[in-house]
Amino acid sequence: NQICIAGVLQGLAEGVHFAQSASLDVEKVVEVISQGAAQSWQMENRALTMNQDKFDFGFAVDLMRKDLSIAFRESEKYGIDLEITKIIDTFYEDLQKQGHNSLDTSSLIKRLIK
């Protein structure tokens, strides 16, 4: 679950950030793309809160990193390289270094906003 969620959240963070940076109406963008192949629980429940800079909805960055470390240990047993998940894990590590340990996992967008 966390392997899949990490990828979905990173993609969603990049999509919302793109819309923001292009001065698009994020709510309208989300409304349109959530009707197509990009639709997901994360989009329905976290895209607009990402846009609003709200990250107090549950599963924290610290917990995600704990779970991903378990996935990495298990994947090593089977010789599986979780290449993209490892990259996204470093993004969560960046958030921890910034003191965002207890923000929910959709806070990945905070890395993109300069």
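Of the contacts in the chain with a separation of 6 or more, 71% are accounted for by residues 24 or more positions apart, where contact means heavy atoms within 4.5 Å. The model is a predicted one, in which local features need pLDDT of at least 70 and side-chain atom pairs count only at pLDDT 80 or more, while totals for chains, interfaces and linings use all residues. Residues are numbered from 1 along each chain as its sequence is written, and side-chain values use heavy atoms, with hydrogens and water left out.

**Overall fold**

- The secondary structure comes to five helices and zero strands, in the pattern α-α-α-α-α along the sequence, with helices (H or I, at least four residues) and strands (E, at least two) taken as DSSP runs numbered from the N terminus.
- The chain has a radius of gyration of 14 Å, close to the 13 Å that the globule rule gives for 114 residues, so it is as compact as a globular protein of that length; the radius is taken over C-alpha atoms, and the rule is 2.2 Å times the number of residues to the power 0.38.
- Along the principal axes, the C-alpha atoms fill a box of roughly 45 × 30 × 25 Å.
- Of the 114 residues in the chain, 39% are buried (buried means under 20% relative accessible area, exposed over 50%, and partly exposed in between, with a 1.4 Å probe and protein chains only).

**Packing of α2 against α3**

- Helix α2 (residues 26-33) packs against helix α3 (residues 41-51) at an angle of about 165°, with the axes 10 Å apart; axes are lines fitted to C-alpha atoms, for helices over the stretch in contact, and angles run from 0 to 180 degrees between N-to-C directions.
- The two helices are therefore roughly antiparallel to each other, a term for angles over 145 degrees.
- On the α2 side, Val26, Glu27, Val30 and Ile33 meet Met43, Ala47, Leu48 and Asn51 of α3.

**Two individual residues**

- Gln42, which lies in helix α3, counts as buried because its relative accessibility is 10%.
- Leaving aside neighbours within four places in sequence, Gln42 is in contact with Ile5, Val8, Leu9, Leu12 and Ala47.
- Ile113 lies in the segment after α5 (83-97) and counts as partly exposed, at 43% relative accessibility.
- Not counting residues up to four places away in sequence, Ile113 touches His17 and Gln20.
- Between Ile113 and Gly7 there are 106 residues of sequence separation, and their C-alpha atoms are 18 Å apart in space.

Technical notes
Angles under 35 degrees count as roughly parallel, over 145 as roughly antiparallel, 65 to 115 as roughly perpendicular and the rest as oblique.
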